[in-house]
Amino acid sequence: MITVEKATRIAAPADPLWHLLSSREGQCRLERGIVASIEFEGDGVGMIRHMRLEGHPPEIVVRERLDLCDPVAREMRLSIVDTGDVVPFACHSGHARVIPAGPAASILYLRTSFVPVDMEDEAARAIAERNHDMLIANVRAALAEAI
């Protein structure tokens, strides 16, 4: 099992950052560059995200289930339930948490765990690290637009 973790300071209070991570419109914004489109099935824990990935035919869909969403702890966890035959990871789980850092800043903590399928560990780790970096860049861009 590979685990990739990243934490970064975000120049925004915890509540707006949490809303960006946990809302449907925010999730669509934060996945830009990775996901071409997202459709949602259901609400709350158990909800399924149907994602069409950038650079793949539209019939290819990756599905993730929301396993944890705790607005008090500002914490969520998603797991892949269908790889779409394009995600080279088994038992993939993504975890995000927003930690207040005073009144005007937050810490965004990201953790991804998975087992690579038919690829070297370092290549798989590089994919996960790039996805974290893209999500963080999208967070910063979205919050800058909101100000």
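The questions below concern a predicted model.

Me: Which strands stand at the edges of the sheet?
Reply: The open sheet has 7 strands in the order S1-S7-S6-S5-S4-S3-S2, with antiparallel pairing. An edge strand has a single partner, so one side is left without a neighbour in the sheet. The strands in that position are S1 (2-10) and S2 (35-41).

Me: By how many degrees are neighbouring strands of this sheet turned against each other on average?
Reply: The angle is taken with direction ignored. On average, neighbouring strands are turned by 20°.

Me: What is the bridge partner of arginine 63 in S5?
Reply: Strand S4 covers residues 62-70 and strand S5 residues 75-82. The two pair in the antiparallel sense over 7 bridges. In S5, arginine 63 has as its bridge partner aspartate 82.

Me: What angle does the direction of helix H3 make with that of S1?
Reply: Helix H3 spans residues 121-146 and packs on the sheet. H3 touches S1, S6 and S7. Its direction and that of S1 make an angle of about 20°.

Me: How many disulfides does the structure hold?
Reply: A disulfide requires two cysteine sulfur atoms within 2.5 Å. For cysteine 28, the closest cysteine sulfur is in cysteine 69, 15 Å away, which is too far for a bond. The count of disulfides in the structure is 0.

Me: Is cysteine 91 buried or exposed?
Reply: The cut-off for exposed is over 50% relative accessible area. Cysteine 28, at 34%, is partly exposed. Cysteine 91 has 60% relative accessibility, so it counts as exposed.

Methods: Residues are numbered from 1 along each chain as its sequence is written. This is a predicted model: local features need pLDDT of at least 70, side-chain atom pairs count only at pLDDT 80 or more; totals for chains, interfaces and linings use all residues. Side-chain values use heavy atoms; hydrogens and water are left out. Two strands pair if DSSP finds at least two bridges between them. Helices (H or I, at least four residues) and strands (E, at least two) are DSSP runs, numbered from the N terminus. Axes are lines fitted to C-alpha atoms, for helices over the stretch in contact, and angles run from 0 to 180 degrees between N-to-C directions. Contact means heavy atoms within 4.5 Å. Buried means under 20% relative accessible area, exposed over 50%, partly exposed in between (1.4 Å probe, protein chains only).
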